[in-house]
Amino acid sequence: MSVPPLPEAPEEAPATTATTLTAKPPRAARLLPQPRMGGLIPWVIAILIALVVIAAAGGLALRNLAETARADLASAVTVQVIEPNPDLRDQRGQAAVAVLQGMDLVRSVRLVPQSELAALLEPWLGTAATSGDVPIPALIDVELVRRASPAEIAAIETALTAAVPDARVDAQGDWLRPVYRALAALQWLALGLIALIALATAAAVWLASRNSLAQHRETVEIIHLLGGTDRQITRTFLGTVLREAAFGAILGTAFGLGAVWLLGQQFAALDAGMTRGGGLAFRDWLVIAAVPLGGVLLALATARMTIALALRNML
Amino acid sequence: MNDRSAEIVKFDNVGLRYGTDPEVLSNLSFTLYPGSFYFLTGASGAGKTSLLKLLYLAQRPSRGAIRMFGQDLMTMPRERLPDLRQRLGVVFQNFRLVPHLTAFDNVALPLRLAGAPEARVLKAVSDMLEWVGLAHRGHAIPATLSGGEQQRVAIARAVIARPRMLIADEPTGNVDPDMALKLLRLFEALNNRVGTTVVVATHDVHLLKKVPDSLIMRLNKGELSDPTGALRYPPRPAAGPAAGPEREL
């Protein structure tokens, strides 16, 4: 039996020494069949990214709303003049306005007309609001030149009660403090949700990576035995993770932005004073745009760590 | 004449056990020299495959010491194993072709893993497939190849990078006698012309007579015997001069 001549030896390939291990392996995708992480993973990532986009947008909107409200109300006080006699109440109201207008800290003063007060209270008091049966205090809206400290508020009250003994000063920020606290709690809740969703994303990618590696264990072993490095194998898997995570992130971001736009429309339709401050600024959109990027990076980091640890257990 | 410093593999009192089972290999001490042709024989269950696993670095021993290409495997970090594995060619008992890759891509694997340029991969793999008579089957995936064709793909993959040591586990087990002889001639050609050290595990005693310069190692219940002086220094082949690094490549 004749033996065909051996073909020429291929040119010496560079040895994979410790130094060349760090070099970029060529055409990593050709070394292994493209492993699939798992059919559901892009969709799971899409759902989780959508939830993060919604939670992030909600948290940022709440922060903006709280800041706007605080800025509006921290430099304003309300003065009440409690006097059942209407004539006397008007007279003392005017006196209080005169005192307030003389203060350096005060920018503007507006005595709220009784008809406006009656209209505000009518939904709760009915016709009693306009009948005069229920005494309604005179209300004065005072806008300050800047945010006033509690001591300055107290000084205003002292000066005012010297001229109008029945006057009472309420810093608007005080009675909104529980609202601020609730808004802050909601922001923390949004952050907590984002952290939990990130954890869930990492867990899903971890499971999918382990399953994918187990599914291709035989091939991975062959690659190892033929001289393939962990880095070459990991790169192939990470290519799949990147593709699937990017698909899920784009899909999830689109869905999340759609939901945020719809919610924005709903709140805008309320036309309520407080919700007007809850819009998203340019920097907020940048934060939201970073969500899918962060999701993909998290998936890559998780997969890389999972695969590296699993390969380390193989010889 | 062989040079002790050029030894390919040196086992020193090596033992191997799986888990807490009794040792499947015990007290193995031997040296393999460059350019030699070894047959590893023994009955089924004698430990041939386990010994080959140690040789192709799929297993670490439970005890003893192994040196390969002058490096101590016992203290070598696993990050450096690919470097050693790229100097080996292995024909696995069940071929272990990557099922999703074509015959061409399977044969190309060792070169691509070593970072060879694609133009050279193309030429070398085409030549190698021609050499094993499978040039027309390059695009076939393993599932569509016959047992003999798969075996030739596995052999082509094992020798494509001109390994310094070729390890074959029952390479003729699934082919007819004609093909078995042809494959053996391919190993001989590699051994004679390239200087590759060849280790062939087989239980086919007829095969041993086909390679006159070969050395025989016999495993019996995990222990090695030395019927041809293969384990002595210098190794004494059955006939002809001792193989060595000075053999013309």
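This is a predicted model: local features need pLDDT of at least 70, side-chain atom pairs count only at pLDDT 80 or more; totals for chains, interfaces and linings use all residues.
Figure 1. Buried means under 20% relative accessible area, exposed means over 50%, and partly exposed lies in between (1.4 Å probe, protein chains only). Helices (H or I, at least four residues) and strands (E, at least two) are DSSP runs, numbered from the N terminus. The buried residues of H1(B) are Lys48(B), Ser50(B), Leu51(B), Leu52(B), Leu54(B) and Leu55(B). An α-helix has 3.6 residues a turn, so residues three or four places apart point the same way. Just after H1(B), a positive phi of about 65° is found at Leu57(B).

**Figure 2. Strands E1 and E2 of chain B.** Strand E2 (residues 25–32) of chain B is largely enclosed by the rest of the structure, because 6 of its 8 residues are buried. Strand E1 (residues 9–16) of chain B runs antiparallel to E2(B), and 5 bridges join the two. Strands count as paired if DSSP finds at least two bridges between them. Opposite Val14(B) stands Leu28(B) in E2(B).

**Figure 3. Strand E1 of chain A and its two partners.** Strand E1 (residues 76–81) of chain A is mostly covered, with 6 of its 6 residues buried. Ala76(A), Thr78(A) and Gln80(A) point one way from the strand, while Val77(A), Val79(A) and Val81(A) point the other way. E1(A) is joined by 6 bridges to strand E3 (residues 138–144) of chain A, in an antiparallel arrangement. It also pairs in the antiparallel sense with strand E4 (residues 167–171) of chain A, over 5 bridges. Val81(A) has the bridge partner Ala138(A) in E3(A) and the bridge partner Ala167(A) in E4(A).

**Figure 4. A nonpolar surface patch on chain A.** Leu40(A), Trp43(A), Val44(A), Phe247(A) and Leu251(A) make a nonpolar surface patch of about 480 Å². Helix H2 (41–74) and helix H10 (230–270) of chain A are the elements that give two or more residues to this patch. Patches are made of residues with over 30% relative accessible area and no salt bridge; like charges are joined within 9 Å, and nonpolar side chains (Val, Leu, Ile, Met, Phe, Trp, Tyr) within 5 Å. A salt bridge is a side-chain nitrogen of Lys or Arg within 4 Å of a carboxyl oxygen of Asp or Glu. Accessible areas come from the Shrake-Rupley method with a 1.4 Å probe; for residues, only the protein chains shown count as cover. Trp43(A) lies in helix H2 of chain A and is partly exposed, with a relative accessible area of 47%.

**Figure 5. Helix H9 of chain A.** In helix H9 (residues 217–225) of chain A, the buried residues are Thr219(A), Val220(A), Ile222(A), Ile223(A), His224(A) and Leu225(A). Gly227(A), just after this helix, takes a positive phi of about 100°.

**Figure 6. Confidence along chain A.** The average pLDDT, the predictor's confidence in each residue from 0 to 100, is 81 in chain A, and 83% of the residues score at least 70. Within chain A, confidence is lowest in helix H1 (residues 28–31), at a mean of 50, and highest in helix H11 (residues 282–312), at 93.

**Notes to the figures.** Residues are numbered from 1 along each chain as its sequence is written, and chains are lettered from A and ligands numbered from 1 in the order in which they are written. Local features need pLDDT of at least 70, side-chain atom pairs count only at pLDDT 80 or more, and totals for chains, interfaces and linings use all residues, while side-chain values use heavy atoms, with hydrogens and water left out.
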